Amino acid sequence: MGKFRKSEQLAYWRFFLLLFLAGFVLGIVFVNLVWRFRTQDIETLSLFSSGEGGRTAAPLPGYLWYLTQKRMGIMLVWHLTGITILGTFLVAAGLLWTGFLCGTLSAIAVLQLGLRGIAVLTAAFLPQIFLYVPAGLWYLTCVWQMSEKSREGGRLNGRLYKGYLLSCLAPLAVFFCGILVECYVNPYILDLLLY
């Protein structure tokens with residue numbers, strides 16, 4: 001379960017990237033349509049109203065728990081559905097939705113702040129993105145492969161499930177490190193840019 005051929009891995013990752021990009025483009029198109037017909041709806045979001053809030057350097061108590069629930073909750077759903085034929089569908093839907101949200105956020109950042117919006121958005125993703133992306137690709141590949149095995153009608157024995165569980169632990173650990181970085185490092189980067 002945990003051993004991948006490079007060509008097989010790249011094929012999965014290309015497919016995942018295409019799903020994400022399709023969602024990203026849909027998100028940009030959606031925001032531009034809303035902007036054209038209902039400009040005030042985008043303006044009232046005030047997602048990028050820098051300087052109005054306080055400094056973000058000290059994370060609030062419970063922020064780590066909040067981030068862990070938000071980031072790892074979907075991973076748990078993917079893990080549980082990975083042993084069924086629904087795993088591949090949920091991974092595809094999750095990638096489309098994530099792409100859509102990123103496209104929407106990017107378009108709003110540009111519409112509200114122009115080029116500075118791109119800088120703010122980039123800072124919001126750094127440096128945790130360097131942990132999230134590889135861990136996410138690795139993890140989704142494991143879930144997708146396990147779900148494909150379920151679809152083929154093979155019996156899921158204990159050994160196969162144990163291999164699936166073990167192959168998911170390492171990317172989940174890396175993903176959790178990304179949550180720690182997002183909680184305790186990223187606020188300082190945003191402070192440098194915004195204040």
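**Figure 1. Tyr161 and Tyr164 in helix H7.** Tyr161 and Tyr164 both belong to helix H7 and sit 3 residues apart, about one turn of the helix. Helices here are DSSP runs of H or I with at least four residues, strands are runs of E with at least two, and both are numbered from the N terminus. The model is predicted, so local features need pLDDT of at least 70 and side-chain atom pairs count only at pLDDT 80 or more, while totals for chains, interfaces and linings use all residues. Residues are numbered from 1 along each chain as its sequence is written, and side-chain values use heavy atoms, with hydrogens and water left out. Tyr161 is partly exposed, with a relative accessible area of 32%, whereas Tyr164 is buried at 0%. Buried means under 20% relative accessible area, exposed means over 50%, and partly exposed lies in between (1.4 Å probe, protein chains only).

**Figure 2. His79 and its contacts.** His79 is placed in helix H3. With 10% relative accessibility, His79 counts as buried. Neighbours within four places in sequence aside, His79 is in contact with Tyr139, Tyr161, Tyr164, Leu165 and Cys168. Contact means heavy atoms within 4.5 Å.

**Figure 3. The largest nonpolar core.** A nonpolar core is a set of buried Ala, Val, Leu, Ile, Met, Phe, Trp, Tyr and Cys residues joined through side-chain atoms within 4.5 Å. The largest one has 23 residues, and the members that touch the most others are Phe16, Trp78, Val91, Tyr139 and Leu140. Two or more residues come from each of helix H1 (6-37), helix H3 (63-81), helix H4 (86-113), helix H6 (129-151) and helix H7 (158-184). H6 gives the largest share, 8 residues. Trp78 touches Leu90, Val91, Gly94, Tyr139, Leu140, Val143 and Tyr164, not counting residues up to four places away in sequence. In soluble globular proteins, nonpolar side chains tend to be buried together.

**Figure 4. Aromatic pairs.** A pair of aromatic rings is described by the distance of the centres and the angle of the planes. Rings of Phe, Tyr and Trp (its six-membered ring) pair if their centres lie within 6.5 Å; planes under 30 degrees apart count as stacked, over 60 as edge-to-face and the rest as tilted. The whole structure holds 10 aromatic pairs. One of them joins Phe30 and Phe100, which are tilted, with 5.5 Å from centre to centre and 50 degrees between the planes. This pair links distant parts of the chain, with Phe30 in helix H1 and Phe100 in helix H4, 70 residues apart. Phe30 is partly exposed, having a relative accessible area of 43%. The ring centres of Tyr161 and Tyr164 are 5.9 Å apart and their planes meet at 55 degrees, so this pair is tilted. Ring pairs also link Tyr12, Phe15, Phe16 and Trp144 into a cluster.

Figure 5. Side chains of opposite charge can pair when their charged atoms come close. A salt bridge is a side-chain nitrogen of Lys or Arg within 4 Å of a carboxyl oxygen of Asp or Glu. The count by this rule is 1 salt bridge. In the bridge between Arg71 and Glu182, the closest N and O atoms are 2.6 Å apart. Arg71 lies in helix H3 and Glu182 in helix H7, so the pair ties together parts that are 111 residues apart in sequence. Arg71 is partly exposed at 27% relative accessibility, while Glu182 is buried at 8%.

**Figure 6. A nonpolar patch on the surface.** The patch consists of Ile74, Val77, Ile85, Leu86, Phe89 and Leu90, and together these residues have about 520 Å² of accessible area. Patches are made of residues with over 30% relative accessible area and no salt bridge; like charges are joined within 9 Å, and nonpolar side chains (Val, Leu, Ile, Met, Phe, Trp, Tyr) within 5 Å. Accessible areas come from the Shrake-Rupley method with a 1.4 Å probe, and for residues only the protein chains shown count as cover. H3 and H4 each supply at least two residues of the patch, and H4 gives the most, with 3 residues. Ile74 is found in helix H3 and is partly exposed at 40% relative accessibility.

Figure 7. The peptide bond from Leu126 to Pro127 is cis, with omega near -10 degrees. Pro127 is placed in the loop between helix H5 (115-125) and H6.
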